[in-house]
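Me: I have a structure open and some questions about it. Can we go through them one at a time?
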Amino acid sequence: MKGVEFIMAFYDLRDFLESCRKENDLIEVDRYVDVNLEMGKALKKSYANNGPVIIFRNNGTDYPAVGGVFGNRKKALRALNAQNNTVLPWFAETIDRPIAPVMVKSAPCQEIIIEGEDVDLGKFPIPKFSELDGGPYLTAGISISKDPETGIADLGHYRFQAIGKDYFGFMAQPFHRLGKNCNKAKALGMKKFEMALVVGTDPVLAYTCQVQNVPDTTDDWSLAGALRGQPVELVKCRTIDVEVPATAEFVFELEIDFETEVSEGPLGEYTGYMTPASERPIARVKAITHRKDPYFQVLLTGKPVTENHILKNIPLEASFYNAMKKQFPTITDVAVTPSGGVQLYAVIAMKQRYANEARHVILSAMSSNVRPKWIVVVDPDINVHDSAEVEWALSFRVDPGRDVILVNNVPSAPLDPSSHGDSLQEKTNSTIGIDATMPFGKLYATVAEVAGWEDYSFPEISSER
């Protein structure tokens with residue numbers, strides 16, 4: 001395939017951790033770290049300092065917890081075997097070439113089986129990250145469900161609060177595929193619905209969960225295969241009709257009970273604000289299977305930048321880039337920044353083909369499913385991922401009276417606390433677009449650049465004077 005080079009994927013989470021270890025990007029902590037609040041502090045401190053993957057060996061349970069797998073962009077690029085300057089076109093092109101999964105009869109993820117009275121969520125290192133959280137939350141799990149009519153698989157990230165000994169409360173919005181699958185099951189008269197929650201996989205599966213602008217008929221296993229460059233090996237769960245990754249560390253086999261609800265929440269969400277508690281259906285644990293000597297992955301969410309923002313970043317940028325570039329082929333790069341929750345603040349670099357084409361780009365971005373509140377369009381000489389360069393363009397290439405577009409009453413990000421409307425489907429807000437490009441077809445001030453500085457190296461200093 002032209003422009004895309006497939007590279008052997010990581011076999012599983014352990015393979016990726018070993019790669020991080022070799023890059024001196026992993027540490028193991030042997031002292032006791034409490035899953036109740038302390039682990040969240042450690043992870044936040046690590047993210048703020050661009051820290052390594054952390055294995056918490058001593059956390060009060062029999063299972064080491066692993067955090068920071070998606071801790072920064074460098075780790076994301078390592079997981080995807082991609083380069084920063086080409087990752088968006090690579091990602092966008094690769095997902096158009098799906099590779100179907102393969103089934104296996106036996107798998108490492110089923111080496112240990114826990115069922116019946118032995119199921120106890122309190123035995124696992126499920127953290128409570130903030131004092132305001134409603135309880136311990138499993139946020140690193142990949143939810144696997146199937147359309148009850150077509151059987152097409154969906155991989156997603158949703159929040160699961162460990163409430164009882166053997167059940168979770170969870171939130172899946174009606175516009176997410178898990179929510180759609182649940183609603184379709186209820187419409188079909190089903191009182192229960194099966195799904196799996198998988199913890200600890202090849203990180204590429206988690207990035208697959210974030211792919212946007214694909215139809216609901218998309219088989220996410222085939223998308224994951226495309227990004228891995230090889231098929232995902234699947235095995236059938238023991239108690240439910242769901243397939244899961246054969247090399248997963250943990251599998252929670254769940255049965256959603258639509259007739260029983262519990263109070264789920266609050267939780268610090270990707271916006272950086274707490275979402276209130278609400279009544280949600282429960283997911284009962286029918287069985288837990290795991291590998292021998294397994295790793296339990298954890299993930300802190302909340303005020304940007306945390307791990308979930310890095311996890312969403314490249315897939316959402318690639319999806320946005322792909323959709324926008326089909327309409328505006330001279331777009332060279334996009335950034336949907338972690339600081340904006342990987343949604344509300346987008347920067348687009350492009351070479352205008354005609355006067356005010358940047359305005360067309362702004363209006364198209366406003367109507368996209370990303371729903372950004374702030375859209376800045378810059379020339380290709382601006383690094384969209386460098387806030388200082390973007391601010392330079394805003395400062396010296398913008399006449400606010402001419403270059404700012406304000407549109408009122410457009411659909412907003414559902415969890416944006418500044419939006420208006422009672423239900424999530426009714427949320428609206430205003431959005432701003434800024435044309436920070438140089439005027440088309442006109443001479444502009446010359447940039448005071450020092451040519452060749454990127455490749456310059458200081459000469460070796462002689463010891464002789």
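Me: Where is D257 placed?
Reply: D257 sits in strand 14, residues 250–264. Helices (H or I, at least four residues) and strands (E, at least two) are DSSP runs, numbered from the N terminus. This is a predicted model, in which local features need pLDDT of at least 70 and side-chain atom pairs count only at pLDDT 80 or more, while totals for chains, interfaces and linings use all residues. Residues are numbered from 1 along each chain as its sequence is written, and side-chain values use heavy atoms, with hydrogens and water left out.

Me: Is D257 buried or exposed?
Reply: D257 counts as buried, because its relative accessibility is 6%. Buried means under 20% relative accessible area, exposed over 50%, and partly exposed in between (1.4 Å probe, protein chains only).

Me: What does the side chain of D257 make a polar contact with?
Reply: With the side chain of T260, at 2.8 Å. A polar atom of the D257 side chain also lies 3.0 Å from the backbone nitrogen of E259. A polar contact is a pair of N or O atoms within 3.5 Å; within protein, one must be able to donate a hydrogen and the other to accept it, and residues adjacent in sequence count only if both atoms are side-chain atoms.

Me: And which residues does D257 touch, leaving out those up to four places away in sequence?
Reply: K191, K192, P281, I282 and R284. Contact here means heavy atoms within 4.5 Å.

Me: Which residue forms a salt bridge with D257?
Reply: K192 does, with the closest N and O atoms 3.8 Å apart. K192 lies in strand 11 (residues 192–199) and D257 in strand 14, so this pair ties together parts that are 65 residues apart in sequence. A salt bridge is a side-chain nitrogen of Lys or Arg within 4 Å of a carboxyl oxygen of Asp or Glu. K192 counts as partly exposed, at 38% relative accessibility.

Me: How many salt bridges does the structure hold?
Reply: It holds 30. One of them pairs R291 with D12, the closest N and O atoms being 2.8 Å apart. That pair links distant parts of the chain, 279 residues apart: R291 is in the loop between strand 17 (278–290) and strand 18 (296–297), and D12 is in the segment before helix 1 (13–22).

Me: Are those two buried or exposed?
Reply: R291 is buried, with a relative accessible area of 9%, and D12 is buried, at 4%.

Me: Another topic. Which residues touch the most other members of the largest nonpolar core?
Reply: F91, I144, V244, F320, I331 and I348, out of 76 residues. Helix 8 (residues 307–327) gives the largest share of this core, 7 residues. A nonpolar core is a set of buried Ala, Val, Leu, Ile, Met, Phe, Trp, Tyr and Cys residues joined through side-chain atoms within 4.5 Å.

Me: Why is helix 9 largely enclosed by the rest of the structure?
Reply: Because 7 of the 10 residues of helix 9 (residues 357–366) are buried. Those are E357, A358, V361, I362, S364, A365 and M366. The buried residues pack against helix 8 and several strands, including strand 19 (331–336) and strand 20 (345–350).

Me: Last one. Where is G60?
Reply: G60 is in the loop between strand 2 (53–58) and strand 3 (65–67). G60 is exposed, with a relative accessible area of 63%.
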